[in-house]
Amino acid sequence: MATLHLINKSPGSSDALTACLRVMAEGDAIVLIEDGVYAALAGGDTAERLRGVASALEADVAARGLQSRLGNGIEQVDDNDFVELCTRCDRVMSWF
Amino acid sequence: MKFAIVVRAGPLASEGSRSALRFARAVLASGHSLERVFFHGEGTYNASSLTVAPQDEDDLTEAWAELGRQQQLDLVICVASALKRGVLDEREAERYDKAGANMRPEFVISGLGQLADAALSVDRLVTFGG
């Protein structure tokens with residue numbers, strides 16, 4: 001029963017990602033949207049923890065000019081991929 | 001698969017409304033059904049017909065209305081959220097003796113029951129804004 005978690009705030013401005021990581025279960029996934037994509041920055045405090053677990057919304061990454069700056073193992077997804085991820089998990093949870 | 005979307009952000013203060021609109025388009029483009037979009041809190045500002053977008057900015061209220069018209073979407077705004085923000089349909093304007101109504105015709109005013117109903121009847125409920 002996997003959950004897809006949505007994070008829309010940067011780790012510097014919100015505890016949402018920390019709280020999410022604390023309760024995430026095996027098989028869950030994260031999509032970083034809006035300012036949430038800053039959590040994927042290579043060399044940041046959170047990128048390593050997100051490797052293989054999180055993906056970042058392509059348009060929001062591009063809007064911030066971070067296309068080439070994401071950590072390893074954090075995939076960029078487009079809007080249709082995002083929808084597809086929602087269908088693959090059992091539920092979607094937004095953290096604010 | 002059946003989707004519903006909750007929009008908690010207005011058209012201006014954050015990216016939530018734009019993110020929700022993009023997601024709504026992608027849901028429809030992927031062949032899924034979008035059963036309802038529920039606008040709550042600041043999200044009810046998306047239904048105002050009185051916003052005037054600058055020429056160099058996207059008009060999100062019009063974009064939601066256009067998508068609603070094209071796809072025959074059920075765009076619901078929360079009555080308690082809308083009234084205190086001054087987003088009124090004809091009926092509420094008359095009921096509270098206000099000078100005019102400003103809700104776009106593509107939307108309907110209803111209560112949180114519509115959100116609960118969507119949560120129970122769709123496969124995925126996705127919340128934006130906040």
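Visitor: Before we start, what should I know about the numbering and the model?

Guide: Residues are numbered from 1 along each chain as its sequence is written, and chains are lettered from A and ligands numbered from 1, in the order in which they are written. The model is predicted, so local features need pLDDT of at least 70 and side-chain atom pairs count only at pLDDT 80 or more, while totals for chains, interfaces and linings use all residues.

Visitor: Fine. What pattern does chain A follow along the sequence?

Guide: Helices (H or I, at least four residues) and strands (E, at least two) are DSSP runs, numbered from the N terminus. Chain A has 4 helices and 5 strands, and reads β-α-β-α-β-α-β-α-β.

Visitor: In what order do the strands of chain A sit in the sheet?

Guide: Strands pair if DSSP finds at least two bridges between them. In chain A that gives an open sheet of 5 strands, order 4-3-2-1-5, with parallel pairing. Strand 4 (75-77) and strand 5 of chain A are the edges; each has a single partner strand, so one side of each lacks a neighbour in the sheet. From one strand to the next, the twist averages 30°, with axes fitted to C-alpha atoms (for helices over the stretch in contact) and angles running from 0 to 180 degrees between N-to-C directions.

Visitor: Which strands does helix 1 of chain A touch?

Guide: Contact here is C-beta atoms, placed from the backbone, within 7 Å. Helix 1 (residues 16-23) of chain A packs on the sheet and touches strand 1 (3-7), strand 2 (29-32) and strand 5 of chain A, with its direction at about 165° to that of strand 1 of chain A. Over at the other end of the strand order, strand 3 (residues 54-57) and strand 4 of chain A run parallel, joined by 3 bridges; there A:Ala56 stands opposite A:Gln76.

Visitor: What radius of gyration does chain A have?

Guide: Taken over C-alpha atoms, the rule for a globule is 2.2 Å times the number of residues to the power 0.38. For 96 residues a compact globule would come near 12 Å, and chain A agrees because its value is 12 Å. Its C-alpha atoms fill a box of roughly 35 × 30 × 20 Å along the principal axes.

Visitor: On to chain B. What do strand 1, helix 1 and strand 2 of chain B make?

Guide: A crossover is right-handed if, with the strands pointing away from the viewer, the path from the first strand over the helix to the second runs clockwise. Strand 1 (residues 2-7), helix 1 (residues 16-29) and strand 2 of chain B make a right-handed β-α-β unit. Strand 2 of chain B also belongs to a right-handed unit with helix 2 (residues 60-71) and strand 3 of chain B.

Visitor: How many bridges pair strand 1 of chain B with strand 2 of chain B?

Guide: They pair in the parallel sense over 6 bridges, and B:Ala4 has B:Arg36 as its bridge partner. Strand 2 and strand 3 (residues 75-78) of chain B are parallel too, with 3 bridges, and B:Val37 stands opposite B:Leu75.

Visitor: How many residues of strand 2 of chain B are buried?

Guide: Buried means 20 or more other C-beta atoms within 10 Å of a residue's own (exposed is 12 or fewer, partly exposed in between). Strand 2 (residues 33-39) of chain B has 5 of its 7 residues buried.

Conventions: Two residues are in contact if their C-beta atoms, placed from the backbone, lie within 7 Å.
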